[in-house]
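Here's a quick briefing to read with the model open beside you. Take it one topic at a time and find each spot as you go.

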Amino acid sequence: MKAQIQRFGRSLSAMVMPNIGAFIAWGLITAIFMSGGWWPNEKIALLISPMLKYMLPMLIAYTAGKNVAGDRGGVAGAVAAMGVIVGSDTPMFIGAMMMGPLAGYCVKKFDALVKGKVHSGFEMLVDNFSLGIIAMILAIFGHLLIGHAVTWITGLLSSGVNWMLAHKMNPLLAVLVDPAKVLFLNNAVNHGIMTPLGIQQAAEMGHSMLFLIDPNPGPGLGILLACWVFGKGTTKQSAPGAAVIQLFGGIHEIYFPYVLARPILLLAVMLGNICALTFFTLVDFGLVAPASPGSLISIIIMSPKGQTFIGILGVLISTVVSFLLAWPMVKSRPDFQGEEENKSAAEPQQAMKMDSAIRKIVFACDAGMGSSALGATRFKARLMKAGHPEILCTNSAVGSIPSDASVVVCQKVLAERARQTAPQAEVIEIENFLSDPALDALLAAASQQQSGACAQPAAVSAPAALLQKANVIAGLPSESKEDAIRRAGKLLVEAGYVDEAYADAMLEREKIATTYMGEGLAIPHGTSEAKQAVKHSGIVVLQYPEGADFDGEKAHLVIGIAGVGDEHLEILARVSEALEDEEILNSLYSSSVEDLWGFFSKIQ
């Protein structure tokens with residue numbers, strides 16, 4: 001049940017988080033140019049209403065659909081959302097969160113149903129018309145039915161929020177929100193629930209306190225300050241840097257491990273937030289738009305004109321309360337992280353000694369922005385200082401980890417999801433992005449790798465180039481396209497470019513649509529689903545003087561390609577450009593291995 005709730009929460013977060021920049025743009029326009037704003041401008045303020053009603057819900061629906069079924073799902077989601085948007089005067093954020101995933105699901109199911117059944121040459125026709133028909137049906141369905149249901153649900157939720165506001169009970173929301181936050185559901189709670197409701201409330205009242213329930217950095221800051229003053233060991237050493245990041249960077253995940261290591265600290269977090277929300281309620285303070293990230297800077301920017309100090313004071317109140325309550329809790333056990341860290345320090349080191357070479361490290365978090373960006377930046381600096389510039393270090397959302405990642409670093413609650421997204425990678429579970437022992441073990445493993453101490457170095461060494469001379473074969477006897485593609489796939493596997501699954505996917509791709517390009521040239525490659533089986537980008541060249549049979553066409557050159565991520569498109573473009581001259585292409589049909597190697601080695 002807990003896992004299902006977490007998956008649902010993350011799906012809500014994944015709809016909104018990629019569009020936070022758009023929410024901030026709308027919020028800044030609202031805060032600056034609305035009537036009563038920092039710099040009122042009637043003409044520019046005309047942007048506020050259509051952005052709220054149309055742009056933001058459609059962005060959410062597009063993102064939600066894309067998360068399920070790629071670009072086609074995104075387009076269907078945006079069209080379907082229009083049905084619920086035009087049927088109501090209420091901003092349709094909840095409607096968009098329903099229609100986007102539904103549209104993506106319908107498109108995905110249809111694509112699976114017709115996969116391999118569309119005749120060659122009709123793919124674009126079927127793709128475009130199926131997408132249009134599905135989107136049309138869902139838009140009508142949303143307009144006639146879902147829109148009315150969502151309007152009723154939204155009205156009910158708004159009435160509940162307004163009732164809590166009227167009875168000064170909204171501070172109690174902290175009792176529900178803060179426990180969910182420390183389980184790393186903060187993005188889901190904030191951007192999946194509070195932000196949509198807050199925007200609707202702000203549209204009516206000019207501001208909303210719902211924007212402050214999750215983003216207030218004060219409660220977490222109080223915990224970190226208590227750990228800094230009264231903690232010992234790693235707890236004390238890591239807290240100062242974490243406090244700065246929490247207050248000014250707004251990355252709340254930074255304090256979650258401190259609370260999870262000593263759950264009683266959750267009481268200090270909740271009471272600190274309750275006190276701040278009580279203060280905001282008494283003075284009728286709220287933000288005009290979402291504060292993202294949840295930092296002091298964001299709260300200052302999104303405060304109504306003339307009320308900036310109130311926002312700062314609320315953050316200070318929650319910090320002081322949280323600090324005072326955490327004081328005795330931390331002081332009674334100042335080194336409460338020690339046992340957990342010592343245990344986790346040994347396990348990663350042992351695991352990494354058994355795994356492949358470290359080529360690309362990806363820090364992953366729920367949204368791919370806050371904590372993962374922080375972790376990647378800091379660890380990249382450690383890699384450079386230790387003399388490992390050859391190791392790439394980046395960050396991403398846990399649902400879109402690059403297929404060429406060799407190591408993924410994430411919080412324990414995201415580990416299983418990371419393994420599903422990147423089965424080829426070693427997943428390192430951490431608690432603290434600043435000073436987790438698992439990161440020390442990872443750095444040590446990188447140093448061992450550079451000195452040749454890693455196990456199985458030969459098995460994980462990368463191919464020297466895009467094309468190796470051993471993978472250029474001339475004078476092959478005529479054979480079927482299936483045999484030619486199997487031969488190309490086998491060479492890619494043996495050269496270390498791909499796993500065997502990719503070779504099988506090359507045949508699957510041929511069933512969908514032929515890879516024969518015309519003029520005696522075929523360029524087989526795998527399906528998009530097989531990208532995870534690609535280890536390194538590479539090509540192989542097979543020459544058939546008598547031609548390989550591609551459904552009645554003679555392919556004299558069969559060039560198998562595999563690309564990491566989207567690199568296969570670049571490789572395909574480079575190969576096609578090099579073979580544009582028909583005379584050159586024809587001459588290669590009977591050239592020697594040396595000539596073929598000399599020609600294709602130039603395109604690397």
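At what angle do helix α10 and helix α12 pack, and how far apart are their axes? Helix α10 (residues 265–282) and helix α12 (residues 308–331) pack at an angle of about 155°, with their axes 8 Å apart. Before the details, some ground rules: this is a predicted model, where local features need pLDDT of at least 70, side-chain atom pairs count only at pLDDT 80 or more, and totals for chains, interfaces and linings use all residues. Residues are numbered from 1 along each chain as its sequence is written, and side-chain values use heavy atoms, with hydrogens and water left out.

**The helix pair**

- That angle makes α10 roughly antiparallel to α12 (under 35 degrees counts as roughly parallel, over 145 as roughly antiparallel, 65 to 115 as roughly perpendicular and the rest as oblique).
- Sorted by type, the residues of the contact of α10 with α12 come out as 18 nonpolar, five polar and no charged (Ala, Val, Leu, Ile, Met, Phe, Trp, Tyr, Cys and Pro count as nonpolar, Asp, Glu, Lys and Arg as charged, and the others, Gly among them, as polar).
- The axes here are lines fitted to C-alpha atoms, for helices over the stretch in contact, and the angles run from 0 to 180 degrees between N-to-C directions.
- Helices (H or I, at least four residues) and strands (E, at least two) are DSSP runs, numbered from the N terminus.

**Residues that meet across the chain**

- L265 sits in helix α10 and counts as buried, at 0% relative accessibility (buried means under 20% relative accessible area, exposed over 50%, partly exposed in between, with a 1.4 Å probe and protein chains only).
- Count along the chain and L265 is 42 residues from I223, yet their C-alpha atoms are separated by 7.5 Å.
- L266 is in helix α10 too, and at 18% relative accessibility L266 counts as buried.
- From L266 to D178 is 88 residues in sequence but 7.6 Å in space, C-alpha to C-alpha.
- Over in strand β1 (residues 360–365) you'll find I361, which is buried with a relative accessible area of 0%.
- I361 and A376 are 15 residues apart along the chain, and 8.3 Å separates their C-alpha atoms.

**Aromatic rings**

- How many aromatic pairs does the structure hold? There are eight (rings of Phe, Tyr and Trp, using its six-membered ring, pair if their centres lie within 6.5 Å; planes under 30 degrees apart count as stacked, over 60 as edge-to-face and the rest as tilted).
- Look at F280 and F285: their ring centres are 5.2 Å apart and their planes are at 35°, so the pair is tilted.
- Both F280 and F285 are buried.
- F230, F323 and W327 form a cluster linked by ring pairs.

**Loops with a positive phi**

- Most residues other than glycine have a negative phi.
- D284, in the loop between α10 and α11 (296–301), has a positive phi near 55°.
- D284 is partly exposed, with a relative accessible area of 49%.
- D551 also has a positive phi near 55°, and D551 belongs to the loop between β8 (538–550) and β9 (553–562).
- With a relative accessible area of 59%, D551 is exposed.

**Cysteines**

- The structure holds zero disulfides (a disulfide is a pair of cysteine sulfur atoms within 2.5 Å).
- C106 is partly exposed at 25% relative accessible area, and C275 is partly exposed at 31% relative accessibility.
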